[in-house]
Amino acid sequence: MLKIENVCKTFNQGTVNEKKALIDLNLHIKPGDFITVIGGNGAGKSTMLNAVAGVYSVESGSIFLDGQDITRQPEHQRARLLGRVFQDPMMGTAANMGIEENLAMAFRRGKRRGLSWGITKEERESYVEKLKSLDLGLENRLKSKVGLLSGGQRQALTLLMATLQKPKVLLLDEHTAALDPKTARKVLELTQEIVTRDSLTTLMITHNMKDAIRIGNRLIMMYEGRIIYDVEGEEKKNLKTADLLAKFGTASGGEFANDRMMLS
Ligand SMILES: Nc1ncnc2c1ncn2[C@@H]1O[C@H](COP(=O)(O)OP(=O)(O)OP(=O)(O)O)[C@@H](O)[C@H]1O
Ligand SMILES: [Mg+2]
């Protein structure tokens, strides 16, 4: 479903601030794979997702989505094929628009007619159903401005929007990291529900090692722009956080001791 082949991305090339964020990165993802991505600060996790989404162009290598070479495709074109949720609850939704309008925008993504076409009764009913499944009472607040929602409610809505039209790949970049623990758990449960229900191919960055082990069918660990560990199936399920820490330790010579991964 997604193939990243020999991708290199360097920021500020040729300056003193040069940073090789992705070094000859290779990753092949099968349809329906739910991959958790872990790694220390600056490992290249977000850069990998951004390279897939087309936020940055890459210097070399290729990215294929469902057999199509998207390496040179602009971000807006890829956006039709991808679902994205970021860490910041403010980013995925339009604060000045209502809940229903936000959903309608997501529903019309990549389609020709805009919002002026109006929201049909059937459409509204389907939104109400989907909002009910979140179990946050949002189905009774269709006209409420999204800016009035809590961070967790907004992330749940963003997740709904990102998956309203089944994306070929769902990209989640620490999408629960800014939420309080209880809300984070709820949004994470919701993520699992939606991904399983729609068999979505998913890449989820997390700094929580327990979640990374518990969730999904495959786990990759990044370090300094490379994938240094890739494990799936039973082997992944049987991992302990101590195993992951040991891997980190081997790769980094112990520098992970200060990393926030240790705290979660
Ligand atoms: N737009 C940018 N301009 C310059 N350097 C960047 C840019 N984005 C990322 N980098 C650098 O590239 C490296 C990889 O960053 P990236 O954001 O991918 O790390 P990460 O694994 O997501 O880390 P974190 O866990 O902190 O989110 C870092 O050294 C970072 O400083
Ligand atoms: Mg990041």
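## The S4–S5 hairpin

In this predicted model, strands S4 and S5 form a hairpin with 2 residues between them, and aspartate 66 in the turn has a positive phi of about 50°. Strands, here and below, are DSSP runs of E of at least two residues, helices are runs of H or I of at least four residues, and both are numbered from the N terminus. S4 (residues 60-65) runs antiparallel to S5 and is joined to S5 by 2 bridges; two strands count as paired if DSSP finds at least two bridges between them. Leucine 65 stands opposite glutamine 68 in S5.

Local features need pLDDT of at least 70 and side-chain atom pairs count only at pLDDT 80 or more, whereas totals for chains, interfaces and linings use all residues. Residues are numbered from 1 along each chain as its sequence is written, chains are lettered from A and ligands numbered from 1 in the order in which they are written, and side-chain values use heavy atoms, with hydrogens and water left out.

Contact means heavy atoms within 4.5 Å; axes are lines fitted to C-alpha atoms, for helices over the stretch in contact, and angles run from 0 to 180 degrees between N-to-C directions.

Within the sheet, 5 bridges join S1 to S4, and these two strands run antiparallel. Cysteine 8 has serine 60 in S4 as its bridge partner.

## Aromatic pairs

The whole structure contains 2 aromatic pairs. In one of them, phenylalanine 11 and tyrosine 56 have ring centres 5.0 Å apart and planes at 85°, so the pair is edge-to-face. Rings of Phe, Tyr and Trp (its six-membered ring) pair if their centres lie within 6.5 Å; planes under 30 degrees apart count as stacked, over 60 as edge-to-face and the rest as tilted.

## The six-stranded sheet

A further open sheet has 6 strands in the order S6-S7-S8-S3-S9-S10, and its pairing is mixed. S6 (82-85) and S10 (226-232) stand at the edges with a single partner strand each, so one side of each is left without a neighbour in the sheet. On average, neighbouring strands of this sheet are turned by 15° against each other, direction ignored.

S9 (residues 218-223) pairs with S10 in the antiparallel sense over 6 bridges. Arginine 218 has glutamate 232 in S10 as its bridge partner. H1 packs on this sheet as well, touching S3 (34-39), S6, S7 (169-173), S8 (202-205) and S9, and the direction of H1 makes about 145° with that of S7. Helix H5 (residues 151-164) lies across S6 and S7, running at about 170° to S6.
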